[in-house]
Amino acid sequence: MDFTWPASFQASSRLMIFNESVAGWSVALERGVRDFNRLMEASQLKLRYEITTHRSAANVFVRTAGPDKVANPLHGETDYPQKVIGDATPFSTICLRDRPQVLGWIRDPVKKDRQQVWRTPGDAALSVVVAHELLHACGLEAHCDGDVFAEELVAECGYRSADDRLRNKASGMPFPPLFLTPDTKARLRTIWP
Ligand SMILES: [Zn+2]
């Protein structure tokens, strides 16, 4: 079930992010937050994220971990806020795979053919992973097949990492740009009125 943050959070329409460790994700985190906020604005939704340098001001913590904790380099593990019980102020924790790798293509200039190599995904693709986890962190639980909140987003690698995209496996839609279905927007409007 989706999680509704306390009324004081709803009144501010704001969640603060503290960046604990971001091996390979610093640019993608900033872009993910910026693109998420633009999407909210374009969708006439009030929620905004802000990155803070003060741990005590944060409600969402972002860190990286190895494959034992985060199996999929393109899908983080977010501890959903509902897990916090009692009187404690809720918070979310986003865990991203440290130094993520994808199987991408390079063109061999000598042989003039293409080869597959493991390499770091581009920041545009990684920013989509961040935006997806920001949707979990603000309270959405069950995935939506039709948009960027789908369970399965697969890498579509370009020859340059800057051209990498994530594709919704069910619908085939590539991101960025981010896209939300009316259903996901309605859920966000319910928990962030
Ligand atoms: Zn997810």
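Two strands count as paired if DSSP finds at least two bridges between them. Strands here are DSSP runs of E with at least two residues, helices are runs of H or I with at least four, and both are numbered from the N terminus. What you're looking at is a predicted model: local features need pLDDT of at least 70, side-chain atom pairs count only at pLDDT 80 or more, and totals for chains, interfaces and linings use all residues. Residue numbers start from 1 along each chain as its sequence is written.

Let's start with the sheet. Strand β1 (residues 14-19) runs parallel to β2, with 5 bridges joining them, and Ile17 sits opposite Ile51 in β2. Altogether, 5 strands make an open, mixed sheet ordered β2-β1-β3-β5-β4. β2 (48-52) and β4 (77-79) are the edge strands; each has a single partner, so one side of each lacks a neighbour in the sheet.

Now the helices on it. Contact means backbone-placed C-beta atoms within 7 Å; axes are lines fitted to C-alpha atoms (for helices, over the stretch in contact), with angles from 0 to 180 degrees between N-to-C directions.

| Helix | Strands | Angle |
|---|---|---|
| α2 (residues 26-42) | lies across β1, β2 and β3 (60-65) | about 155° to β2 |
| α3 (residues 123-137) | touches β2, β3, β4 and β5 (92-97) | about 155° with β5 |

Where does Val128 make its contacts, leaving aside neighbours within four places in sequence? Val128 is in contact with Val148, Leu153, Leu166, Phe175, Pro176 and Leu178.

Key
Contact = placed C-beta atoms within 7 Å.
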